Amino acid sequence: MLIRIRKASDPLPSEIATKDAILNRRAFMQAAAASSGVALLPMFANDARAAMKIDNVMKTKWGADEKPTTLKGISSYNNFYEFGTGKEDPAANAHTLKPDPWSIEIAGQAGRIGKFGIEDIIRDNQLEERIYRMRCVEAWSMVIPWVGVPLASVLKKFDPTSQAKYVEFETLVDPKQMPGQRSRALDWPYVEGLRMDEAMHPLTILAVGIHGEILPNQCGAPIRLVVPWKYGFKSIKSIVKINFVEKEPVNTWQAQAANEYGFYSNVNPERDHPRWSQKRERRLTGEGGLSALFAPTVETKMFNGYADEVASLYSGMDLKKYF
Amino acid sequence: MNTRTQRRIFKPLVFAVSLLPFGYLAYAIYSDTLLGTQLLSTDPVQKLDRELGDWTLIFIVLSLAVRPLADILKRNEIVAYRRMIGLFAFFYATLHVASYVMFHLKLDIPTFLKDIAERPFITVGMIAFTCLIPLAITSTKGMIRRLGGKGWRRLHMLIYPIALLGLLHFYMMIRADFSRPYIYGAIIIALLGYRYWKKRNTDARRNMRAAATA
């Protein structure tokens, strides 16, 4: 599989998504659009929670052959324990999250550290559409058309030093905005981490949208990680801190059950979860009822089907040991 | 109202109420298929499994609650509905296992057998389900007569370990947030504790009487 990623500097005009409705709410969308010279007509929506189209998203080749899960399917069913442990809880409870304004603390081994508004963090970046498979560790999967920017392009802005071997991410802690944090279902804040080369890999993105719309709160608004070759829980949501560190971070699920969840958590059909098989997955299309009940399961692929791109990151490593 | 009229009214009522969860799930599948709703979420395979498992545990708990309730309310006649409630526990347990094999595993029986052998929470669940089978079979009047009251009662004490295994099965499946198995656990332990307390009291009274007459 040949995959070429276009840089922001060479977008094909024909491949730039043009939408009639130009609705932009958050400043970073406007900044991104302004920087690429596209005229923008900011409009205000009556309903603050109404879906917001993101304009000027560059199409990419990623996942062009996959049929995406519907927006309703994606946004009504996921794990985001900050809003409750049921998979329909986030959609029901995430309206209390205030994603605007939002800032991220950059810390640790980097030339530029401090608090930055989200608009400063992804200004100058061309927003890209990446249609990725998302494989949950619970053996279900979706196909999600993300809108985002390569994480590498963001991290480079902060001049990580040679001591920066890993990147650690943290989710917001605020029980007022995240009612699930009133109970200790997990050890808050939710923490995730990547090795530097994983973080810098062109497949790794920071997402700000789904299906051409601003991320719904329950999907990790306003900004979240997406690492498509790892189990979904690695793709941390509603990020408030990015920390460049020397030592391997202890991610939340590893702290919760080290025998079940490791640091790497690469999708691996050869290593079963102690309680269930990882060989196959239920591909959720967003269509319910009998067609979903009788839909055949799909074979889970090594690195979630992205082995050509990422297997070299782990050459020589025993992936059953470093799971 | 005499006991017979009461039964004539309440038996169909208890039956109908016990069928409500099944009716709702059947309606949800119909509605999600033809009306475009998502009553069973984006992942109906999982949701159906969980719902049926939940209802199995609820009916097991209800069947255990009948005796204490009859004692507290001093209305022994409600024990007459216990058999039906127990059979509904078996009904939902059967659907739970069937939905797992049919929708989760797509009738892949080798994987099912492997699951039973290798995945402890499924092993535990299947032991509980297997133990329910003789209880369902011996629920008829003929079987009670054949086993004799004492033998039948002893066999049906299997419901105590079944409840605990069902609870364990639920607990072992969860990744985080154990609040629901804890709630079920507290109720089950209270219901079993009541029986222990009652038995100790009656034993003590019997001993006292025995001592008095000696």
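Which residue forms a salt bridge with A:Glu198? The legends below take up this pair and then other parts of the structure, which is a predicted model.

**View 1. A salt bridge within chain A joins A:Glu198 and A:Lys230.** The partner of A:Glu198 is A:Lys230, and the closest N and O atoms of the two are 2.8 Å apart. Because A:Glu198 belongs to helix α6 (residues 196-199) of chain A while A:Lys230 sits in the loop between β9 (224-226) and β10 of that chain, the pair ties together parts that lie 32 residues apart in sequence. Over all chains, the structure holds 26 salt bridges.

**View 2. An open sheet of 5 strands in chain A has mixed pairing.** The order of the strands in chain A is β2-β1-β10-β5-β6, with β2 (114-117) and β6 (191-195) as the edge strands, each of which pairs on one side only. From one strand to the next, the twist averages 20°. Strands of a sheet pair through backbone hydrogen bonds, and they do so either parallel or antiparallel.

**View 3. Strands β1 and β10 of chain A run parallel.** Strand β1 (residues 103-108) of chain A is joined to strand β10 (residues 239-245) of chain A by 4 bridges. Within this part of the sheet, A:Ala107 has A:Asn243, in β10(A), as its bridge partner.

**View 4. The contact between chain B and chain A involves 25 residues from chain B and 35 residues from chain A.** The area buried between the two chains is about 2,600 Å², and carbon and sulfur atoms give 51% of this area. On the side of chain B, the residues B:Thr42, B:Arg119 and B:Arg175 together supply 30% of the area that chain B buries against chain A, which is more than any other three residues supply.

View 5. Helices α1 (3-34), α2 (44-73), α3 (82-104) and α7 (159-173) of chain B each supply at least two residues of the side that touches chain A, and the largest share, 5 residues, comes from α2(B). Sorted by class, this side of chain B has 11 nonpolar, 7 polar and 7 charged residues.

Key: Residues numbered from 1 in each chain as written. Chains lettered and ligands numbered in written order. Predicted model: local features only at pLDDT ≥ 70, side-chain atom pairs only at ≥ 80, totals over all residues. Heavy atoms only, no water. Contact = heavy atoms within 4.5 Å. Buried area = accessible area lost by both parts, 1.4 Å probe. Nonpolar A, V, L, I, M, F, W, Y, C, P; charged D, E, K, R; others polar. Pairing = 2+ DSSP bridges. Axes fitted to C-alpha atoms, helices over the stretch in contact; angles between N-to-C directions. Salt bridge = Lys/Arg side-chain N within 4 Å of Asp/Glu carboxyl O.
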